[in-house]
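Subject: Structure handover and notes

Hello,

Below is the structure for your files, with my notes after it. Please read the notes with the structure open.

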Amino acid sequence: MEEEWTPKITLFCCNWCSYAGSDDAGVGRKQQPPSTRTIRVMCSGRTDPGFVLTALMEGSDAVLFTGCHIGDCHYISGNYKAKKRFEMLKEILDELGLEDERLQLQWISASEGSEFAEYIRKVTEEIKAIGPSPLRQEWMK
Amino acid sequence: MNIGDRIVAWSKDEEIKKEGASGGLVTSLLTAALKGELVDEVIALQKKSEFEGVPIRTSDVDEVIKCSGSLHAAPINLTKFAVRFFEEHPDGTLALPAKPCDARGIIEQAKRKKIDLEKTYLIGLNCGGTMDPITTMKMLEKMYEIDPNEVIEEEIERGKLIFKTKKEEKAISIDELEEAGYGRRENCRYCEINIPVMTDLACGNWGAGKNETFVEIFTEKGLKLMNNAIELGLIETAPATEKGIKIREKTNGVMEKVAKKWHEKIFVPIEDRLERLHYYMDVMEDCIDCEACKYVCPVCACDESKCIDFYDPMDSHKISIYHLVRLLHLSDSCIGCGQCTDVCPAEIPLTTLHRRMADRIQTKYDYIPGMDMKIPPSFEVE
Amino acid sequence: MEKVGSVLVVGGGVGGIQASLDLADSGYKVYLIEHKPSIGGGMAQLDKTFPTCDCSLCIESPKLVESSRHPNIDVLGYTELLSVDGESGNFIAKIKKKTRHVDINICTGCGLCTQKCVVKGIPSEFDEGIGERRAIYIPFSQAVPNKATIDIDHCRIFAQNKICKVCQKACTAGAIDYDLKDEYVDLNVGAILFATGAVPYDPSQLKQYLPDHPDVLTAMQFERLMCANGPTVGHVKRFSDGKEPKRIAFIQCVGSRNPKIGIEYCSAVCCNYATKESIITKEHNRDIDISIFYMDYRACGKGFEEFYKRGQDDYGINYVRSRVAEVYESDGNLNVKYEDLAHAKVKEESFDMVILSVGLSQPKKTQELLTSIGVDLNEFGNVATTIDHPVETNIKGIFVCGTAQGPKDIPETVAQSSGAAGKIGSLLSEARNTLTTKKELPPEKDVLGLEPRIGVFVCHCGINIGSIVNVPEVVEYVKTLPNVVYATEVPYACSDDGNKQIFNKIHELDLSRVVMAACTPRTHEPLFHATCAEAGLNPFLFEFANIREHCSWIHMNEKEKATEKAKEIVRMSIAKARLLEPLGRGEIPVNQKALVIGAGISGMSAALDLAAGGFPVYLVERTGELGGLLKHITSLPNGEDPEQIVSNTIKKVEENNLITVYPNSEVSDVSGSVGDFKAKIVSPEKEEEIDFGIAIIATGGEAFKPEGYYGYDGKRVITQFELEQIIDKVEANTIVMIQCVGSREEAPRTYCSKICCTEAVKNAIRIKEQKPKTEIFILYKDVRTYGTNEVLYTKAREAGVIFVRYDDDRKPVVNEYVDVYDEFIGENIKIKPDLVVLSTPMVPNDDNAEVGKMFKVPLAPTKFFFEAHVKLRPVDFATDGVYLCGLAHGPKPIDECIAQASAAAGRASIPLAAGKVIAEAIVASANEERCVGCAICEDKCAYLAVSIEDGKAVVNKAMCKGCGTCVTACPTGAMEQLHFKNNQILAQVKHAFAW
């Protein structure tokens, strides 16, 4: 039997909220599909669109921007800037022809482990539904 | 004279008047700016032939005079020459003639602190589009059946492109030329900004009589340029006629309409996502990593930069990160000047690609780059 | 007499350790003594902690290690306090360092002797008797100090006078010396803190529960059974036949709430640990049926009610309200005979295993020691304290914290520990820094420009990682990666042993990078940073790979995929590690003034403690008067006078020159960060700009107004809080009190308010005392008079207060009559009250969100503030320099508020006293050659740390907080975030996909 395909999702987490939320999900043993690869940055404002583009070109089936809720940024307004960059990136990727689901933004607080796990489950299902990224290298398949 | 005035003007210097187009006003303003010590240097386009203009930076009045005359097949952007000037002379002052895309590049650089706009006199030039020299020479041979070397003058009038040799004068409608793949550069065809309202004053022949230039003054600096030249006795002015003003407006309106049509024609949406993706992958496949598009770009302020840093030729990505980062970085600031397409040795239609992105971003954020000092969305702070 | 700048901490549990760390960090020399061979206390024995189910040792172990390596803490294991002489500020404590017959200066803790010793089968104390050890032993693998100890009661040489010496032969280091004698030392200390803890109640006299049956365990034994480092490596099984139990019963209140055995109090933790143990058991095997036999479920603490709910709803734990009469065996089954309180029937059920939820009790020996020193004990045998001095004993200079003072959970213990440390710090402030030493680090090795030599350590974390992720496979894979010169698996990387291994390998193999594949950097990075630094490796050449929280714990049913993912996570970290660069850290001066927001009892107490330490305090109060809620309380459960407490405190605040009080004022426009805050204090009259180094948030809470509940009108139907104020004037023949009105319901008031049951019982007794003929009914869901308040519950029943239980399904109906179903008689009863009193919860202040935003600190879903860590950092925020205490943290009684206030002040005193904090190393840095001066970065910085000077970006390192937003904005790549450089993150991104 062929093994079920697990998408590969690059997850950018800010140190203070979403990474902590992801830790919280772990502490709470909130089971998630093994789809994400986390990259810790201090603030969502550090998530360079260049990293996102690289992840997508490397074959990432989706990239998630995560950080503190608007207003809760540990660094005052880094997440606001992240949001702006995300919006611009979103337009570019849409124009390039990438599906909407492949770039997402989600705010997760340090105490939202359950929400975090739920979100990862949801995203993984969404990506499974649309299949592997068309940017994956052929030899990867 | 006041800000907002629309006038006609012409050079009083016979030599300039003879060589220069439309009464030689622009050359006179530049010369006057140097003579009146309004600026330290000016940038002018030195005419090598009808198909080759080389920008020079000079403080020598005679050199400036030699540069008189208009060139349609010299699609060079002067922004980076202005940037170099301020790199060498951070406190210097500069005057230069500026097509809308020159002016827009300069304003974008001013936002990036590379140009001091307060110390830059922008003598705006109305522009209906420029032509690629090589294409133009081919066009002369094929469409006009004229030896390019014999051309002594060119002009655009009533939608027609006119070439003159010593023997003859031939006019073909621009539409016809462009349908055949000649005429203006592609980005010029859909450019809707013909009158450079972001400069200090805009000069052009629309609505002007023979041997005079129609001028609209926008700023204090524009006023200064005019008064300086008048005081030095280099130019003469007269109020623009109502009829002239109307003609200018009408011409501009027609140009805008044509541009919109071209825009629709060139930017046909590719509805299918995958098809779109493949379009981008296919066109960028030929890139040879020469980075010329970056160096020539008038709104890019970087030397070494992220687009190069993030790119590794070993990556074998389906679309190179170099271009992706540039597409993103320029999406709010691209002015559609066409320089990148012009220089690309692999003939990638880069300007079109950039405009596809930029149209979306610039519409989304209601931001038109290079029109004023309003900051781009990516600069925005809370 | 001159004060001495050292402190003796007696007891090496989590309380003693926390207090020692706080004291040592704030400039005092600490002697931490523990009578057992290792510090760690009861917490080290636990598998997990409630309500987060954090791995207990995982969160405690870094503190064990930190205290053992702290230059100003002497950890003296296997040491007893004998006597105390002298007075506050200058005591002489006589201690006995019991001989281990092992020279601790030589012993490496390798454990060879413990494997060779021929005397086997000795019940292990650490395993609560269900595991075995030998006559020479190290109690557990993360023991601190990690030294062997000979048990002379069992050693053949000492106990049987035989010639054995097997261990001496086994010891390659030559550490074993049978002639070593006990050492007696006099310690000269300024203060003494008793953190002696409590022990689990020994149920051997309660024969009705078959305490000697192999399948009847105490909860602590069961904890050891579940634990990965326990005798069965975490497999839950019966000792009688080795089979996994199918049905487990927990019997609550064993050794608590039982006047027959002389223990009246409630032990406050058992309900919650029973739920925790049940949840963990269920996580091991969902098919195990679990019943918890309880009288009142007491979820009194932050997040506990929600935890209880999870136990019911998510895990299907069967909570049986009952009294257990006996446990008897028949046909190999354990039958539990109980009175079902919900149906007033006697029932029986059979189980495979019975767990006795034993309470906390005070060992006789500790009580004798305390009494001999002159420390007063209360009626329960705990150290006696008062409500307004919860960590001070009757003897000046002698303090208490944790369960020595009464039963309590870990966060309360930690709060008291930090509180006691704060109090001691203030007491001895003139002697601060007189006896401390600075840790000297070896010179850092130069790694720049050299090919990286990476060492990778993959942690099993017991079975936390190792049972899911195939650790050996990960190690083998890692060895194939470029620049990896060493890769190994470790059982517990965070243990002293694990750290030593890293230290040694850095030296042996000249490692220039270390990658730790284990848990989360958020808790454990500092520990490994320190280890690297001690080995001469710049700490920023260390990189974490989180394969626990982000892998093994969340992919428990997909072992293969988890292993694959773990490999990739480690590969990503190695890719980054290759590119890491050494970083330095500067020092940031700390403004030695403090801001306290809220002048209730918590805020005032914190302000007074800070002022006592010599630090000026701005005390800002929103209302016109000091005192907060306590001003409206007219009596206290233990009979102390609240009026006196509050007026005394106000007086002290007003008389204190160092405290400036701002009534009718609010704080606004907060800027800056630890050490250098600025804000405005705004009142209707004026606006003042202030600067300060730290802030304590003590914004308090208020009583919930139950509009729409039970016909609340403020007249005939009032709140408990309103009753409190008119209690002496109440004219009523019949009073009905209804508990849990507006609490334990939907979000955001999902929580138990902790104090309402005690409040109701206290008020009922008061009315009964004044007018014994008043009929009082208390309608409740669970009577939560936790801890020593339990005696009030007894007293109320004795006074004739009638308790009627109600269910959420059958809530009382209040009209002219109160109609409630009484499950005891099995029918509805009608009461005609003159007064209905609703016990409503404490709710968070409505401006918490605003204050939180100003200081960049988060709120929990309940809208109370969310601390840095529920267990171990109860009064800290993740944000440096901001602390919390009292009702701002969650509902709690006054003594706990005051203890937290002292804790917050104590924690805050650490940077205040030092006058500096170590600056961020992870900051932005501009490459001048690359920078084109476009100034995009300047606009992006929220801290105004970036400016353009002479056409180039310049970063002010003191102001930069290291978010990296400017780095992202920079188009040229001239701006870099140290430790998160573009190429480092790109390497991670790319290596997630190197197939």
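Which residues touch the most other members of the largest nonpolar core? They are Ile319(B) and Met975(C), in a core of 79 residues. A nonpolar core here is a set of buried Ala, Val, Leu, Ile, Met, Phe, Trp, Tyr and Cys residues joined through side-chain atoms within 4.5 Å. Buried means under 20% relative accessible area, exposed over 50%, and partly exposed in between (1.4 Å probe, protein chains only).

Before the rest, the conventions. The model is predicted, so to speak of local features pLDDT of at least 70 is needed, side-chain atom pairs count only at pLDDT 80 or more, and totals for chains, interfaces and linings use all residues. Residues are numbered from 1 along each chain as its sequence is written, chains are lettered from A and ligands numbered from 1 in the order in which they are written, and side-chain values use heavy atoms, with hydrogens and water left out.

Helices (H or I, at least four residues) and strands (E, at least two) are DSSP runs numbered from the N terminus. Beyond its neighbours within four places in sequence, Met975(C) has contacts that include Ala924(C), Ala926(C), Cys937(C), Val946(C), Val955(C), Cys966(C) and Cys970(C); contact means heavy atoms within 4.5 Å. A second core, separate and of 54 residues, has Val320(C), Phe351(C), Val354(C) and Ile355(C) among its members. As background, nonpolar side chains tend to be buried together in soluble globular proteins.

Chain A against chain C

Here 54 residues of chain A are in contact with 55 residues of chain C. About 4,800 Å² is buried between the two chains, and carbon and sulfur atoms give 58% of that. Buried area is the accessible area (1.4 Å probe) that two parts lose on being put together, summed over both. On the chain A side, Arg29(A), Arg37(A) and Arg46(A) lose the most area to chain C, together 15% of what that side buries.

Between chain A and chain C there are 25 residue pairs in polar contact, both residues at pLDDT 80 or more. A polar contact is a pair of N or O atoms within 3.5 Å; within protein, one must be able to donate a hydrogen and the other to accept it, and residues adjacent in sequence count only if both atoms are side-chain atoms. On the side of chain A that touches chain C, the elements giving two or more residues are strands E1 (9-14) and E2 (36-41) and helices H1 (18-27), H2 (49-58) and H3 (78-96). H1(A) gives the most, seven residues. By class, that side has 20 nonpolar, 20 polar and 14 charged residues. Ala, Val, Leu, Ile, Met, Phe, Trp, Tyr, Cys and Pro count as nonpolar, Asp, Glu, Lys and Arg as charged, and the others, Gly among them, as polar.

The count of salt bridges between chain A and chain C is three. A salt bridge is a side-chain nitrogen of Lys or Arg within 4 Å of a carboxyl oxygen of Asp or Glu. Lys8(A) and Glu568(C) form a salt bridge at 2.7 Å, N to O.

Chain B against chain C

This contact takes 19 residues from chain B and 18 from chain C. The two chains bury about 1,500 Å² between them, 52% of it on carbon and sulfur atoms. Glu304(B), Lys306(B) and Phe310(B) supply 34% of the area that chain B buries against chain C, more than any other three residues. The interface has three salt bridges and ten residue pairs in polar contact. The side of chain B that touches chain C has five nonpolar, three polar and eleven charged residues. Glu304(B) also forms a salt bridge with Arg930(C) (3.4 Å, N to O).

Other salt bridges

Over all chains, the whole structure has 107 salt bridges. Asp94(A) and Arg276(B) pair at 4.0 Å, N to O, a crossing from helix H3 of chain A to helix H11 (residues 273-284) of chain B. Arg276(B) counts as buried, at 8% relative accessibility. Both residues belong to a salt-bridge network that also links Glu91(A), Glu95(A), Arg273(B), Arg356(B), Arg360(B) and Lys364(B).

Within chain C, Arg784(C) bridges to Glu305(C) at 2.8 Å between the closest N and O atoms. Arg784(C) lies in the loop between strand E39 (775-780) and helix H21 (790-798), and Glu305(C) in helix H9 (residues 304-313), so the pair ties together parts 479 residues apart in sequence. Both residues are buried.

Regards
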